[in-house]
Amino acid sequence: MARNAPVWAEGQAGQTLVVNGVDSGVPLWVADRRRERRIGLLGTDDLDGALWITRCSSVHCVGMRYTIDVVHVTRTGRVLSVRSMPPGRVGLPRLRAAAVVELPAGQAARLGIEPGGHLARR
């Protein structure tokens with residue numbers, strides 16, 4: 001059976017992703033505990049939504065099974081960068097980033113997420 005939500009998540013996502021002030025309707029899981037941030041999306045086969053990792057400036061895809069979009073955001077939610085990361089890659093840290101949002105590959109472009117934009121949680 002395919003796993004489409006973080007393995008540490010219990011049930012449905014509790015929030016949605018807001019892009020440039022508009023609720024996208026994309027389910028959003030928030031990893032704000034050490035264990036959740038450490039595990040992230042490991043153990044998933046795909047993602048039906050997005051993962052917001054707090055207190056994070058870099059991520060890796062070592063052990064991942066699929067490509068993801070990685071979005072670095074500041075404390076105020078301003079988008080610093082949007083990158084696609086295939087399995088096995090290690091990302092460079094973004095010093096001004098306060099959080100990282102991970103989405104399925106191509107989802108950031110479909111939602112209109114680009115540097116200078118704004119992300120929030122609802």
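Predicted model: local features only at pLDDT ≥ 70, side-chain atom pairs only at ≥ 80, totals over all residues.
A residue counts as buried when its relative accessible area is under 20%, as exposed when that area is over 50%, and as partly exposed in between. Asp-45, at 32% relative accessibility, is therefore partly exposed.

Seven strands form an open sheet in the order 5-4-6-3-2-1-7, and their pairing is mixed. Strand 5 (79-85) and strand 7 (119-121) stand at the edges; each has a single partner strand, so one side of each is left without a neighbour in the sheet. From one strand to the next, the twist averages 30 degrees. In general, strands of a sheet pair through backbone hydrogen bonds, either parallel or antiparallel. Strand 1 (residues 15-19) and strand 2 run antiparallel and are joined by four bridges. Within this pairing, Val-18 has Asp-23 of strand 2 as its bridge partner.

The nonpolar residues come next. The largest nonpolar core has 20 residues, and those with the most contacts inside it are Trp-8, Trp-29, Leu-41, Leu-51, Val-59 and Ile-68. Strand 2 (22-31), strand 3 (50-54) and strand 4 (68-73) each supply at least two residues of this core. Leu-41 shows what such packing involves: leaving aside neighbours within four places in sequence, Leu-41 is in contact with Pro-6, Leu-47, Leu-51, Met-64, Tyr-66, Ile-68 and Glu-102. A second, separate core has 16 residues, including Ala-50, Trp-52, Leu-103 and Leu-119.

Cysteines deserve a separate look. A disulfide is a covalent bond between the sulfur atoms of two cysteines. How many disulfides does the model contain? The count comes to zero. Cys-56 is in no disulfide, and the nearest cysteine sulfur, that of Cys-61, is 11 Å away. Cys-56 counts as buried at 11% relative accessibility, and Cys-61 counts as buried at 0%.

Charged side chains form another set of links. Side chains of opposite charge can pair when their charged atoms come close. A search of the whole structure finds three salt bridges. In one of them, the side chains of Arg-122 and Asp-23 meet at 3.9 Å, N to O. This pair links distant parts of the chain, for Arg-122 lies in the segment after strand 7 and Asp-23 in strand 2, 99 residues apart. Arg-122 is exposed at 53% relative accessibility, whereas Asp-23 is partly exposed at 33%.

Arg-65 is found in the loop between strand 3 and strand 4, and Asp-45 in the loop between helix 1 (34-39) and strand 3, 20 residues apart. Arg-65 is exposed, at 52% relative accessibility. The side chains of Glu-36 and Arg-33 also meet in a salt bridge, at 3.2 Å, N to O. Here Glu-36 is buried, with a relative accessible area of 9%, while Arg-33 is exposed at 57%.

Finally, Arg-94 is found in the loop between strand 5 and strand 6 (99-104). Which residues does Arg-94 contact, leaving aside its neighbours within four places in sequence? They are Ser-57, His-72, Ser-81 and Arg-83. The C-alpha atoms of Arg-94 and Ser-58 are separated by 6.5 Å, although these residues are 36 residues apart along the chain. At 24% relative accessibility, Arg-94 counts as partly exposed.

Terms used:
Residues numbered from 1 in each chain as written. Heavy atoms only, no water. Core = buried A, V, L, I, M, F, W, Y, C linked by side-chain atoms within 4.5 Å. Buried < 20%, exposed > 50% of the residue type's maximum accessible area, 1.4 Å probe, protein only. Contact = heavy atoms within 4.5 Å. Disulfide = S-S within 2.5 Å. Pairing = 2+ DSSP bridges. Axes fitted to C-alpha atoms, helices over the stretch in contact; angles between N-to-C directions. Salt bridge = Lys/Arg side-chain N within 4 Å of Asp/Glu carboxyl O.
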